[in-house]
Amino acid sequence: MKLLTHNLLSLHVRGVGPRGFPLRLQAAEVRINPVEFNPDFVARMIPKVEWAALLEAVDTLHLVEVPKGPIERYEHDEKFLRQMHHVLLEVDVLEGTLQCPESGCLFPISCGIPNMLLSDEETKT
Amino acid sequence: MPPSKPYSFVRYKTAEEAKEAYVTLNGKEIVDDLGQKIILYLNFVEKAQWKELGLQALPPGLMVVEEIISSEDEKILLESVNWTEDIDNHNGQKCLKHRRVKHFGYEFRYENNNVDKDKPLPGGLPDIWDSILEKWLKEGFIKHKPDQLTVNQYEPGHGIPAHIDTHSAFEDEIVSLSLGSEIVMDFKHPDGVTVPVMLPRRSLLVMTGESRYLWTHGITPRKFDTVQASKGHRSGIITSDVGDLTLSKRGIRTSFTFRKVRQTPCNCSYPLVCDSQMKETPPSFPESAREASQLEREYVHRVYEEIAEHFSSTRHTPWPRVVDFLKALPSGSLVADVGCGNGKYLGINKELYMVGCDRSQNLVGICRERHLEALVGDALAVPLRSGSWDACISIAVTHHLSTAERRVAALQELVRLLRPGGMALIYVWAMEQEYKKKKSKYLRENRLRQGKEEEIHSDAAEPGSLGEQVPDAGDQDAPCRVSAVTDVRAGGGSASKVTDAKLPVHTNRTSFRSQDLLVPWHRKGNPGRDEPVGATESRAPGPVFHRYYHVFCAGELEEACRTLSHVRVLQSYYDQGNWCVVLQKV
């Protein structure tokens with residue numbers, strides 16, 4: 001699971017509405033996957049990132065320095081874009097858990113796949 | 001050509017030969033083997049459906065033991081049957097419209113196709129069979145001593161309709177001895193595969209397992225059977241090698257069918273055709289959200305988990321118009337694929353960031369193997385951020401939801417995900433598989449079907465494969481109602497729905513006769529790629545899985561989309577057996 005994907009995850013329960021964003025990440029196994037750098041692509045991702053959630057996730061992973069937010073004229077700042085490229089697209093969480101901030105429910109990540117299925121009990125309205 | 005009549009089609013290599021045949025044979029009077037005068041009528045047709053049957057296998061569990069009875073014993077055994085006894089209940093002799101029948105041990109009741117287990121017939125099986133049954137037991141042709149015998153006498157022209165012997169009435173093994181004449185018996189699988197099997201004279205037919213529980217068997221009422229000339233009177237499947245076929249006149253055949261009556265409910269592996277198990281959990285049209293969820297769990301989620309790998313191997317070709325949709329999106333778009341399956345579309349456009357969501361852990365696992373981003377989640381509660389996605393696709397997903405309310409809810413989820421201005425592409429299986437007189441590839445594959453077992457569930461097998469888009473009113477046999485909107489508003493059943501209606505099982509590659517149905521998925525039982533092509537035993541068809549579908553009528557998907565708020569329908573079209581909509585969040 002890439003961190004960009006994590007940034008897009010949110011629990012949404014039928015009939016109840018969104019219950020949790022962001023999902024608290026606890027990673028047991030992380031891998032760095034080299035991905036070809038495409039500055040334009042990264043630049044287009046930046047406006048879609050929820051920074052608070054990203055910083056929270058990165059914090060638990062003890063990664064190298066991550067920008068605290070989009071800087072001015074980031075589209076042309078290669079250093080910034082490369083950093084974001086690495087954080088969003090190259091960090092891959094293989095094993096771990098995601099926790100709903102509201103209910104405390106835990107969802108497993110295994111083999112890089114988050115399993116967000118809610119048990120029947122949780123979906124009862 | 002008058003309807004409901006049998007016709008023979010002859011294909012000639014050249015037009016000249018065809019013309020010559022026509023001139024020579026049309027209107028000619030011939031005399032048949034019974035001395036009857038027949039006039040031949042020939043006509044040219046524009047095209048004929050030609051079934052190229054490949055090599056077929058005997059239904060699993062089926063065996064024919066030849067020459068199990070000597071000619072001398074055959075005579076004795078046939079004479080032992082007293083057909084002229086007075087009709088009384090003792091030996092259960094009845095005179096049916098067609099064949100003559102006698103029962104021993106227990107009477108078989110045709111009203112409910114079962115035996116009366118509390119009233120065994122006095123006398124049991126005739127003594128003459130004792131030593132023969134012992135012999136068969138010892139030699140391993142049968143495993144249990146039968147306690148019921150039905151004797152059928154078929155004169156030429158008699159038959160018996162295709163049926164499965166009632167599961168709850170009899171144990172697994174059913175054996176049938178053919179004396180007096182050979183016959184061709186047809187075995188049919190719920191998928192539609194028909195296997196004609198020659199039962200030679202004095203042979204024993206043994207039906208166990210799948211051949212006993214799942215395949216139907218029957219005898220066509222006719223006076224001649226089409227048989228294989230080269231095989232003579234030996235047992236085996238009648239293939240479609242036209243050059244080797246000939247007619248064989250039927251004689252009087254007396255069959256002795258031995259069965260063991262079951263005293264407990266049946267617990268076979270074929271619940272959908274089992275009367276014991278169907279009484280407990282018949283898959284029927286869901287009446288509540290809980291039932292809907294259970295139905296989907298059993299007949300969608302569980303099935304895809306089981307067939308994931310095989311399913312994925314048949315889902316390799318992306319549909320062009322879906323590809324077009326994805327390729328037209330601006331670079332850097334965020335796209336959600338809800339019901340992504342094996343991730344077929346996730347890697348199509350490298351300029352997009354696509355995340356797949358599917359209910360099946362195994363299918364998502366396949367996405368992961370291909371280094372695609374995917375997660376396990378439910379289409380009714382997609383675990384993705386609202387209002388953040390530039391586009392969504394939902395390809396062949398919504399038709400797996402079993403109530404109109406749930407289908408609309410799934411569409412609502414797509415809209416929830418979209419940012420204002422974002423677009424969603426939705427594909428669902430169409431009820432109308434024939435459009436503007438052109439059959440979808442799904443239907444057209446029918447004639448190739450029996451010959452190409454591996455292709456059975458290829459991409460072309462299910463709608464949405466390459467080719468024609470011919471939008472127009474379909475000409476269907478089943479009445480089509482647009483149920484999506486009415487059901488939601490009425491909050492329940494529509495007028496034409498029958499309560500507790502059982503879901504029909506669809507025959508693959510035929511037109512849909514119902515909007516809600518179970519579609520078989522046929523997984524091959526471990527065939528190796530190098531398996532020798534004539535090995536009838538090892539080419540056993542594997543288990544059948546049934547998937548629930550609600551196929552959509554013309555306009556139904558569009559109607560459902562229009563009920564959603566903040567939505568504009570941009571496109572609505574038909575693509576190779578699918579109804580498709582592009583909508584935009586406003």
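Visitor: What makes the link between the side chains of B:Ser235 and B:Glu66 a polar contact?
Guide: A polar contact is a pair of N or O atoms within 3.5 Å; within protein, one must be able to donate a hydrogen and the other to accept it, and residues adjacent in sequence count only if both atoms are side-chain atoms. These two side chains are joined at 3.0 Å, so the pair is within the 3.5 Å limit and gets the name. Mind that this is a predicted model: local features need pLDDT of at least 70, side-chain atom pairs count only at pLDDT 80 or more, and totals for chains, interfaces and linings use all residues. As for bookkeeping, residues are numbered from 1 along each chain as its sequence is written, chains are lettered from A and ligands numbered from 1 in the order in which they are written, and side-chain values use heavy atoms, with hydrogens and water left out.

Visitor: Is B:Ser235 buried or exposed, and how do you know that?
Guide: Its relative accessible area is 15%. Buried means under 20%, exposed over 50% and partly exposed in between (1.4 Å probe, protein chains only), so B:Ser235 is buried. It sits in the loop between β15 (224-228) and β16 (236-237) of chain B; strands are DSSP runs of E, at least two residues, and helices are runs of H or I, at least four, numbered from the N terminus.

Visitor: What does B:Ser235 touch?
Guide: Beyond residues up to four places away in sequence, B:Ser235 touches B:Val64, B:Glu66, B:Met198 and B:Pro200. Contact here means heavy atoms within 4.5 Å.

Visitor: And why does B:Ser276 count as buried?
Guide: Because its relative accessibility is 7%, and that is under the 20% cut-off. B:Ser276 lies in helix α5 (residues 275-280) of chain B. A polar atom of its side chain is 2.8 Å from the backbone nitrogen of B:Cys266.

Visitor: Why is the pairing of A:Asp92 and B:Arg368 called a salt bridge?
Guide: A salt bridge is a side-chain nitrogen of Lys or Arg within 4 Å of a carboxyl oxygen of Asp or Glu. The two side chains meet at 2.5 Å, N to O, so they qualify. Between chain B and chain A the count is two salt bridges, and 16 residue pairs are in polar contact across the interface, both residues at pLDDT 80 or more.

Visitor: How much area do chain B and chain A bury between them?
Guide: About 2,600 Å², with 56% of it on carbon and sulfur atoms. Buried area is the accessible area (1.4 Å probe) that two parts lose on being put together, summed over both. In chain B, B:Tyr353, B:Arg368 and B:Arg385 lose the most area to chain A, together 28% of what that side buries. The contact takes 34 residues from chain B and 29 residues from chain A.

Visitor: What makes a nonpolar core, and which residues of the largest one touch the most other members?
Guide: A nonpolar core is a set of buried Ala, Val, Leu, Ile, Met, Phe, Trp, Tyr and Cys residues joined through side-chain atoms within 4.5 Å. The largest has 70 residues, and A:Leu3, A:Leu25, A:Leu54, A:Leu98, B:Tyr353 and B:Leu583 touch the most other members. Helix α4 (residues 78-90) of chain A gives the most to this core, six residues. A second, separate core has 30 residues, including B:Tyr154 and B:Leu205.
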